[in-house]
Every structure is written in C-alpha cells, then in structure tokens.
Amino acid sequence: MLIQAADTTQREDNYHLPIRGLFGLLLIDNVNVLAEQLHKALPYADLSAYAYGLAGSRDPEGRVLLETMKNHPNERVRTAIDNALNSRWISAPRNASSIVAAEAQGLLAKHQIHQIQSALNLMESSYVDEWKLCFLTDNQHLMLEDILIKALSFGDHIAQHKAIKALCWLMGTTIQEWNSNSGLIVGKRPPLWHRKLSSEKIQEIEKFLQGQNLDPKTLAEGCLLLTKEKGINPVYSQAEAGWLYEIAVVADGGKPRRNLITPKPTGRLASVDWMKKFLRNEFPQEWSCWIAQTLGALGIFIPEMIRPLTFLFTNPQYTEADRDEALIYLVMIGTPQVTSVLVQSADLILKREENYYSGRGLLGLLLHDDINVLAEQKLKNPPATYMFPYAYGLVGSRNPQGRVLLEKMKNHSNERVCNAIKHALSKPWVSAPRSDTLVQVASPEQVSSEAKTSIFERFTEKSIKVMMLALEESQRLGHNFVGTEMILLGLIGEGTSIAAETLNLNKISLENARVEVEKIIGRGSDDVAEEISFTPQAKRLLELSKTEADQLGHNYVGTEHLLLGLIRGGDGAGVQVLENLSVNLQRLRELILQAISS
C-alpha cells in the first residue's frame, strides 16, 4: 500500500498521497524496499530521501546496499547516493545519540563556569567529529547558543575567543573548516549549519565587540555574526533572485539595467563608527575584509572598504560566494578606484583569459552603470560575449545618455561593433512598453487595455485592485519594485475577496504583515521611479496563479489563485512573512481550496 502511494504521480486531488507514502516507507525502514524504490528512479520520486533512508537505516545493510549502487546507470540515482554518502552524520557511530547526550549533560551544570567549559569542550570535539551537532535537539542547540553568548561576558579572553569561533561555526558564516594547526580557516565548502541568532543575542555580541580590546581575528569573526540576525535581509539578498543572477540577465539582454532595484541600508546598527578604524592599512587585510563584508551586508558603503573588499574579490583562496558578495559591495561604493579594479578585471578577456575574474569584472561594470566606461569598453573590440553586454548596458542604462552614446556609434567602422548595437537597439524593452512594470495609477479602471491583455490577462477586477495595492505598498516603503511580499499585503488590504477572508481566518492582519515585511526588506528612499518593476519571484507568482486557475478549470485569475500561486512558489519574502506569522502553508492552501469549492 505504501509503495503504491509513494509511486503515485502528485496531482491537485492527491497532493499528500505520494509524500505520505514516502514517509511511511522511511519509517518502516526496510532496506530492501528502500533500495528497490531508489533503483526504480521514477521521474517524480524524491530519490535523495530514499538514499538518506538507506544511509541512515537502523540496519547496517542499508549502507552496504547503497555502496553497491554507486555506479547505477541513472545520473539522478548516482547523485542522490553521492550526497547521502557524503552527509556530515554518515561517519557517526551507531550509538551517536547516547554519546552526544552524555556530552551535552554538562550544559545543565549548576555553575556557569562549568556550563561554559562543557559548551566549549563540546564545540572543540565537534570541529573534528562534525556529526555530533547533528544529534543535538533543538533545545540543546538553543542552550548551547545561550551559554556561548554568556561566555562573552565572562571576562576570560581565551574563553571569549573560543566562544566567538564556536558561534561562527554554529551560524554557518564563511569560517567553516577546522584545521588542528591553524584553527578555523576560510571554508572550502558550504556552511555546515544554517541557524539564525535572535535580535537579543546579536545585541549582546555587538555590545561585546564594542566594549573590548580584542585581537583582530576575534573582532573580525564577531563582526560576521552581526549579519546573522533572525529575519535580517542583507543587501546582498535584496535582489530577490540574487544580484549576480539579475546582472547576468542584463548581460544577456533580458532586461535593462535601469530595472534593477537600488540597494537600501538595513538600519540594523545604530552606529558603525567603531568598525571603521579596523579598515585602516595597519589592520590585517584577511580580517578587515570580513569587517568590510559586514558593513556591506548592512547597507553601508564607504571608501575605506575598498582596500579589504578588493583583497577579498581578487583572492582565489576565498569561496566564489564571498568574492561575489565583495564585488557587489565594491560596485555600491562606486568610486573611480573601484572602476579601475573592474576594468582591469574585465580586460583580461582581451588577453583571451576568460575566467571567473574577467566575467565578474564585466558584470560589475554593468551594475556600476557608468555609460562613458561602458562605451570605452565596447570600443576596445572585445569578443562578442562581452561586446553585446556592453551594448545592452548602454541602451538599458539608468542614464538616458547611454542610448544617445550608442546611437552615435551606429556607423562605426568596426562591423562587430555595429552588429552589437543593432541587436541592442532591437530589444523589445528598448521601444515597447515594459511588460514587467507597473505604471503608477490611481485605480484599477486606469490600467490600460494593453496592460490588461498582457501582465493582467484574465485578472478579475479584485485581482487588479490587489496589484494596485501592492504598488501602493511599494511606494509607501520607498522601493522601486513589487515583490511577493507587496502582493501579499495587497491581498490582505483588499479585504473582501476569498483570499482576504482566508487570510483573516488565519489571524493575519495588515498591520502585523506590514511589520514583518519591513523587517525583511527595510525601507527605501523617497525617490520612487514612475515605473516599478516586478521582482523575478513576483513574476513567477503571477505565472503560477494562472497555472492554479487552469488546473482548477477557471478561465479567470482571482485573488484566490494569486494566494495559491504565492504558496506554490514556496519561497520569496511573501512566504517568509507568512512563516514568520506562524502560518501553516499547507493548511492555508487547503482552506483556500475549500473556500473555492463552497
């Protein structure tokens, strides 16, 4: 019965069945059945779940079976097996839970000094035996965090240093890999953990860092923790699909540069003056780059950050994720010194050195959006993979003179230059109305018929009103984009629709939702553009809402379909708001479908 359920294709009318079948098979823990399910490699099956079930089975034969299937002809099966066999807990002994439980007993000691020592000892052993933290309960994790925070005010410099390192390890900062000789070093792999610190704990760390005469490494590691506050939306994450993805779309001619959002400070720290002194030349670059990274994540861009961020961006010992983040913050600073770094990087392509560094230099120049620099770069006659993006950058620049410069080069003697210009000027978004923007209007009736037949195709009047309310929410917050979170606010604010009533049943008020939205994206400036772009995830929500309508056999897109599309998307700030308000998304979906059927 469970196999039949697990093998069922997931549809609207049996949404839970395949998942529940899979869960049942994992709970029964029959390794032969799990191996057979994995071997089937059904296109819609969660093969990773079966692989993890075999690797972590109570029956040691489960791992043996998994090892024998490592050369399976199906690539998805091989990938699932590889991931399972490389799990951090895979090397744990059979009695791992009892080992960790015994070591965690010290966290309950009567005296604080014994608690701290036990916490530090547990962390020290976890750097080597990484599986140990996998077997801590949520309460034990929280207890461990609390004790490590207490250690910061304990007065023992050695304990404080160890506590900061331990918190970095727990929070999944860029310091990820343990070396017995040098201690924690910049990670070579993804973070081990993805836990978040509460605002109160972040404030304790900030207080500790400001009030202590710390060594550079401890200070730098502590600064990284300041961006790990629960619910914070660092500048690097403000572009909903990721900054590098957004710029890559511009480089491919998918949309104009002017449609990218303007990053906003998070307002997280009241003062950052105490950090600035650690960006000076006498402070080691390997530590000051982390402080600069922290300031950038908080939306603070000052010239003092250029030296350490350049060190981080140009240093291959760091992860590409860290180097990408440094690039974004360098561009936000935007001085001639930064321009020089970007041009030097991008021009490696002229020597036929196409690599990470040259490609990121190109993307950085497009984000920097200096039309004179872009025009100069285009005339250097780079390969087409760079020539075309420079042309797209000019015609899609925030500066209208970019297109003027491009038009002047239309009769250039170089045929490749002319060809790139011709392609750039032929892009639909150059002359046609933008299909991914909302023009500021006063009411749904003022939405043009052209807009209704494109982005609002099949939308009911209430759905269009929701989008107008979303636009108003974007303006109220001072942003130049409409994200899934604004559409959620629009659904709540409309007040009379199926979606609004369902959200109201879940005790979701407009006031509370607005508070959560502002926590996530912060406030922008008062300089709001006439046309406001949808974020990629908001566009996806609109497409998914049409899909939901189609699957329900409806020839219109109502507010209920918008809310179903938001839930189905599974990510984005809108979903994060609902989760922060303790909404069960699956239950909310069920309530909407019930309301539709009734």
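**Helix 20 and helix 21**

I started with helix 20 (residues 371-378) and helix 21 (residues 384-395), in what is a predicted model. Their axes come within 9 Å. I read a crossing angle of roughly 155°. Angles over 145 degrees count as roughly antiparallel, so I logged helix 20 and helix 21 as roughly antiparallel to each other. I also noted the hand of this crossing: left-handed.

Next I listed the residues that make the contact. Helix 20 brings I371, L374, A375, Q377 and K378. Helix 21 brings M387, Y390, A391, G393 and L394.

**Aromatic pairs**

How many aromatic pairs does the structure hold? I found four. I took up one of them, F313 with Y357. A pair of aromatic rings is described by the distance of the centres and the angle of the planes. For F313 and Y357 I have centres 5.3 Å apart and planes at 50°. Under 30 degrees would count as stacked and over 60 as edge-to-face, so the pair F313 and Y357 is tilted.

Is F313 buried or exposed? Its relative accessible area is 0%.

**C289**

I then looked up C289, which lies in helix 15 (residues 285-297). Its relative accessibility is 0%, so C289 counts as buried too.

What does C289 touch beyond its neighbours within four places in sequence? I got P308, F311, L312 and Y318. The C-alpha atoms of C289 and L312 are separated by 6.2 Å. Along the chain, C289 and L312 are 23 residues apart.

**Whole protein**

Last, I collected the totals. I counted 33 helices and five strands in the protein. Of its 598 residues, 53% count as buried. The accessible surface comes to about 27,300 Å². Carbon and sulfur atoms account for 50% of that surface.

Definitions and conventions
Residues are numbered from 1 along each chain as its sequence is written. This is a predicted model: local features need pLDDT of at least 70, side-chain atom pairs count only at pLDDT 80 or more; totals for chains, interfaces and linings use all residues. Side-chain values use heavy atoms; hydrogens and water are left out. Rings of Phe, Tyr and Trp (its six-membered ring) pair if their centres lie within 6.5 Å; planes under 30 degrees apart count as stacked, over 60 as edge-to-face and the rest as tilted. Buried means under 20% relative accessible area, exposed over 50%, partly exposed in between (1.4 Å probe, protein chains only). Helices (H or I, at least four residues) and strands (E, at least two) are DSSP runs, numbered from the N terminus. Accessible areas come from the Shrake-Rupley method with a 1.4 Å probe; for residues, only the protein chains shown count as cover. Axes are lines fitted to C-alpha atoms, for helices over the stretch in contact, and angles run from 0 to 180 degrees between N-to-C directions. Angles under 35 degrees count as roughly parallel, over 145 as roughly antiparallel, 65 to 115 as roughly perpendicular and the rest as oblique. A crossing is left-handed if the near helix is turned anticlockwise from the far one by less than a right angle, and right-handed if clockwise. Contact means heavy atoms within 4.5 Å.
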